[in-house]
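Dear colleague,

Please find the structure below, followed by a summary of what was found in it.

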Amino acid sequence: MEIQPEKVYVAIGRDLYDGLSTLQWALRKWSNHSISIVIIHAANNIRRDYVYTPLGKLPASSVSEKKLKDLDKSEEEIDDQMISQFIASCGRIKAQVFKLEKTEQPIYKQLVEIIPIQRITKLVMSLTFIKSSAWKSTTAISGSFYILRHKPDFCELFVICGGRLLSLREENNEGFIEDDRGNTIAKFKERNGFRSLLGRIFPDSPTNGHSTDSPTSSRSNSSPDEWEKYSEEIEQYVNQLLAFNEEEEEANYKALEENPADSDMQENMSGAERIEALKLKIQRAVEAIQLNKQEANLNKERGAKAEWAISLCNTRIMQLEVCLSEEVQKNADLKKELDSRKDELFELQGEVEEKRSKLNSILELQRELSNKLQLSSSAKSRAEVQLEKAVQTRTDMVREIEELRGQRDVIQLRIEFCREKDAIGSADRMNASSFDYREFTAAEISAATEDFSEDLRLKSRGQFTNVYKGHINHITVAIKMYNSANAPSQESFIAKVQILSQIRHPNIVAMIGFCSELNCIIFEYMHNGCLHDALFLTERSSRVRNKALSWHMRIRIAAEVCSALGFLHNALPKPLILGNLSPSKIILDRNNVAKVYGLKPPWSYDNSDRNSDIRAFGNLMLQLLSGRNWAAPMDASAIIGDLDHSAGEWPLDLATELCSIAIRCLSTDQDIDKELDIGWLMSEINRVKKKADQLVANGEYASAVEDFIDTEDSSNVPSAFLCPIYQDVMQNPHLAADGFSYELDAIEGWLRTGHDTSPMTNLRLNHTLLTPNHTLRTLIQDWQTRRSAPPS
């Protein structure tokens with residue numbers, strides 16, 4: 001069985017410090033024993049005659065019952081808090097509370113009664129425990145001795161004061177209180193004399209040893225000073241009465257001892273003895289009579305003195321009644337003043353509560369503002385860090401943009417140089433009537449088209465054509481078949497081949513070769529299809545990703561087509577006519593460079609065909625502006641109001657200029673503008689193109705370059721990253737003399753097989769030196785890194 005810890009009962013008063021010191025003494029006393037603490041706490045049993053308020057000490061009768069209850073409740077809360085501190089001071093020692101209820105019985109008697117009931121073997125009592133329920137310290141001392149005398153023998157009593165043990169002992173009806181060193185610090189003796197009784201009944205006054213004058217002389221002029229004068233004399237009078245009583249009792253007791261019974265005298269005495277005895281008896285009787293007379297006189301004096309004392313007491317009573325009436329009146333006045341002060345106090349309390357509420361609101365607002373300030377400060381810090389990062393990022397981007405612009409300018413200069421070189425080379429070859437093409441066999445054509453597989457057959461405007469996609473010497477080509485129904489004669493076919501072989505222009509589809517056996521011509525392959533599909537078809541093959549052409553790209557396409565027309569119309573010795581110019585006859589390469597094809601034979605040329613090409617070009621510009629065909633009469637405002645928004649935000653001034661040029665081109669149908677020629681048209685279009693380039697370079701208008709990429713060949717990669725020969729992303733790009741970059745292995749293999757011409761332009765290379773393109777290689781590596789990085 002588990003051993004229960006021994007209970008130590010600790011009686012503590014309402015003094016917090018003394019109670020804590022008493023508990024600490026008990027814990028130290030039994031620190032090496034297994035104990036539990038039972039705190040005995042008594043409610044305040046002192047009769048409440050006065051209450052303490054902010055206005056001072058007031059009679060309890062002048063305070064309302066509600067206020068008294070509030071004061072009692074407040075004292076109970078204070079007691080509960082004090083008890084909580086007592087329990088907390090016990091630490092790990094188990095502690096509980098035993099409360100004594102309020103009764104009329106003194107607290108030390110209650111404590112003596114509960115000792116046998118609770119079987120208290122160890123009782124530690126603070127001296128303030130009894131004092132807290134009595135007005136005088138003598139009550140606490142006498143109560144302690146009362147407990148010491150009446151407690152059971154099995155109960156050990158330890159009286160503590162200020163944390164120190166006191167010893168109580170009684171000797172010769174006196175009580176001695178000694179400290180833990182054996183020094184006597186207090187004595188106690190119960191006194192019940194009349195002086196103390198009078199001291200409790202009447203106020204004390206100094207004694208000056210007044211003599212007793214005629215008692216009756218003071219009856220007529222008694223006053224408060226007279227009472228103070230005779231108070232000591234009255235006390236002496238009472239003491240005399242007590243002494244008289246004791247003397248009478250002794251005299252009576254002696255008289256009984258000295259006087260035997262009459263029958264005994266007569267039986268034992270002779271006649272003479274009896275006479276002597278009678279004489280003695282008579283003499284004693286006379287003496288007794290004298291004594292009685294003296295006693296009567298003395299009693300008379302006593303009676304007069306008693307009457308004087310009674311008269312003086314009655315006068316004192318009347319004086320006290322007058323004083324009491326005055327006190328009652330004063331109490332009434334004080335009550336009225338108290339009521340007014342209460343009203344003022346209630347008003348002040350209302351104001352205090354109102355201001356306290358406002359103060360709490362202000363404090364709450366202050367805390368809220370402080371929290372917001374902290375949040376805003378932290379947000380500001382984060383924003384500053386983000387701003388610094390953004391500024392750094394912007395600086396890096398500006399630097400990269402400047403580098404890319406420099407690279408773009410270099411590339412543009414290179415492109416212009418290549419175009420001029422191509423144009424000069426084409427002119428030289430045409431003047432020399434040199435033919436730079438190759439005749440392929442039927443077997444080579446069949447192998448290139450995989451026996452004319454339908455999968456390689458190209459579509460235009462949603463319909464199958466007689467053009468196949470093929471691969472010859474690692475180059476993608478377009479092979480146009482002439483069937484028996486539309487096949488020209490052999491002479492016409494050869495003449496067409498000769499004319500096409502003499503034409504070299506960046507914006508005209510170049511012929512690579514022909515096959516006389518199958519009546520087919522091999523052209524360079526244009527990866528992004530015809531312009532018609534880019535402008536008008538909303539649904540394309542899943543193999544091709546279709547994006548709208550931007551407005552800047554459309555202006556460039558118009559300039560490129562106009563350049564091709566100018567080249568053809570100014571050809572020597574005879575101009576060449578494109579004939580039936582439409583978006584279907586304009587093809588886009590992988591870089592969306594526009595090239596035209598389908599020339600009319602020169603033997604059917606006349607002057608009206610020149611105007612037909614110009615009118616067709618004007619209609620093409622309207623289609624580029626609006627994204628649809630125009631059948632109604634031309635109205636510039638209607639065209640500007642119907643711009644193709646899929647191309648982005650058009651610069652209105654450029655769109656208006658293009659619209660004016662297009663309408664002027666279309667006016668040649670009625671021969672209204674006879675001064676319009678291809679030279680003027682080229683200069684106007686190039687002027688508009690330069691404005692567009694300037695706007696994009698300055699960043700005033702955004703122009704995202706949209707590509708049409710064959711997913712089967714390029715895997716959705718930027719076209720500049722693909723090798724023109726392998727059609728795969730380059731790992732080691734090198735720049736050749738034609739201005740194009742190739743994979744090193746591919747271009748070296750091309751040159752080793754004996755080719756001295758460009759795989760792209762079919763022009764002769766000035767040299768076979770290859771230069772590493774580090775810029776392009778870096779761009780490809782960055783693109784591959786971003787592509788392989790996981791999404792954030």
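**Helix packing**

Helix α13 passes helix α17 in a left-handed crossing; a crossing is left-handed if the near helix is turned anticlockwise from the far one by less than a right angle, and right-handed if clockwise. Helices (H or I, at least four residues) and strands (E, at least two) are DSSP runs, numbered from the N terminus. Helix α13 covers residues 551-569 and helix α17 residues 678-698; their axes come within 9 Å and cross at roughly 155 degrees. That angle makes α13 roughly antiparallel to α17. Angles under 35 degrees count as roughly parallel, over 145 as roughly antiparallel, 65 to 115 as roughly perpendicular and the rest as oblique. The axes are lines fitted to C-alpha atoms, for helices over the stretch in contact, and angles run from 0 to 180 degrees between N-to-C directions.

**Basis of the model**

This is a predicted model, in which local features need pLDDT of at least 70 and side-chain atom pairs count only at pLDDT 80 or more, while totals for chains, interfaces and linings use all residues. Residues are numbered from 1 along each chain as its sequence is written, and side-chain values use heavy atoms, with hydrogens and water left out.

**Salt bridges**

Side chains of opposite charge can pair when their charged atoms come close. The structure holds 26 salt bridges, each being a side-chain nitrogen of Lys or Arg within 4 Å of a carboxyl oxygen of Asp or Glu.

Two of them lie in helix α9 (residues 271-431). In one, Arg367 pairs with Glu364, with the closest N and O atoms 2.5 Å apart; these two residues are three residues apart, about one turn of the helix. In the other, Lys372 pairs with Glu368 at 3.5 Å between the closest N and O atoms, and here the partners are four residues apart, again about one turn of the helix.

Glu364, at 43%, is partly exposed, as are Lys372 at 48% and Glu368 at 38%.

A further salt bridge joins Arg457 to Glu454, with the closest N and O atoms 3.6 Å apart. Arg457 is partly exposed at 27%, and Glu454 is partly exposed at 45%. Elsewhere, salt bridges that share partners join Glu657, Glu684, Arg687 and Lys691 into one network.

**Aromatic rings**

The whole structure contains eight aromatic pairs. Rings of Phe, Tyr and Trp (its six-membered ring) pair if their centres lie within 6.5 Å; planes under 30 degrees apart count as stacked, over 60 as edge-to-face and the rest as tilted. Trp25 lies in helix α1 (residues 16-29) and Phe158 in strand β7 (residues 156-161), so the pair ties together parts that are 133 residues apart in sequence. Trp25 is buried at 12% relative accessibility, and Phe158 is buried at 11%. Ring pairs also link Trp25, Trp30 and Phe158 into a cluster.

Charges also sit over rings, that is, with NZ of Lys or CZ of Arg within 6 Å of the ring centre and within 35 degrees of the ring normal. Arg119 lies over the face of Phe154, at 3.9 Å from the ring centre, and Arg664 over that of Trp680, at 4.2 Å.

Yours sincerely

Methods: Buried < 20%, exposed > 50% of the residue type's maximum accessible area, 1.4 Å probe, protein only.
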